[in-house]
Amino acid sequence: MANLVGMATTVLSLRMDGELLERLRHHAAKRGMSVQDYVVRTLIRDDFDERFHTAVEETEKFYGLT
């Protein structure tokens, strides 16, 4: 995961039901992480996956593979 030390950060406040928060706590605890770190890591991974998929699509268009 990206190291946030020295990076400018912003606070994001979320409303979620208690059941979802408990599931996030459980997932985070299994990985020895805080809920915040787990959520940030999940968002980073999702963002990477989306950018990677877009890059693959653009490459396929460039080479005429689609």
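## Basis of the values

The model is predicted, with local features requiring pLDDT of at least 70 and side-chain atom pairs counted only at pLDDT 80 or more, while totals for chains, interfaces and linings use all residues. Residues are numbered from 1 along each chain as its sequence is written, and side-chain values use heavy atoms, with hydrogens and water left out.

## Fold and exposure

The chain has two helices and zero strands. Helices (H or I, at least four residues) and strands (E, at least two) are DSSP runs, numbered from the N terminus. Helix H1 spans residues 18–30, and helix H2 spans residues 35–62.

Of the 66 residues in the chain, 6% are buried. Buried means under 20% relative accessible area, exposed means over 50%, and partly exposed lies in between (1.4 Å probe, protein chains only). The chain exposes about 6,000 Å², of which carbon and sulfur atoms supply 56%. Accessible areas come from the Shrake-Rupley method with a 1.4 Å probe; for residues, only the protein chains shown count as cover.

## Salt bridges

The salt bridge count comes to four, where a salt bridge is a side-chain nitrogen of Lys or Arg within 4 Å of a carboxyl oxygen of Asp or Glu. One of them joins the side chains of Glu19 and Arg23, at 3.1 Å from N to O. These two residues are four apart in helix H1, so about one helical turn separates them. Glu19 is exposed, at 58% relative accessible area, whereas Arg23 is partly exposed, at 42%.

Arg51 bridges to Asp47, with the closest N and O atoms 2.9 Å apart; the residues are four apart in helix H2, or about one helical turn. Asp47 has 38% relative accessibility and counts as partly exposed. Glu58 and Lys61 form a salt bridge with the closest N and O atoms 3.7 Å apart. Here the spacing is three residues in helix H2, again about one helical turn. Glu58 is partly exposed at 45%, while Lys61 is exposed at 54%.

## Aromatic pairs

A search of the whole structure finds two aromatic pairs. The ring centres of Phe48 and Phe52 are 6.0 Å apart and the planes are at 20 degrees, so this pair is stacked. Rings of Phe, Tyr and Trp (its six-membered ring) pair if their centres lie within 6.5 Å; planes under 30 degrees apart count as stacked, over 60 as edge-to-face and the rest as tilted. Phe48 and Phe52 both lie in helix H2, four residues apart, which is about one turn of the helix. Phe48 is partly exposed, with a relative accessible area of 46%.

Phe62 and Tyr63 form an edge-to-face pair, 5.0 Å centre to centre with 90 degrees between the planes. Phe62 is exposed, at 67% relative accessible area, and Tyr63 is exposed, at 59%.

## Positive patch

Lys30, Arg31, Arg41 and Arg45 form a positive surface patch. Patches are made of residues with over 30% relative accessible area and no salt bridge, with like charges joined within 9 Å and nonpolar side chains (Val, Leu, Ile, Met, Phe, Trp, Tyr) within 5 Å. Lys and Arg count as positive and Asp and Glu as negative; His and the chain ends are not counted. The place of a charge is NZ of Lys, CZ of Arg, CG of Asp or CD of Glu.

Arg45 counts as partly exposed, at 41% relative accessibility.
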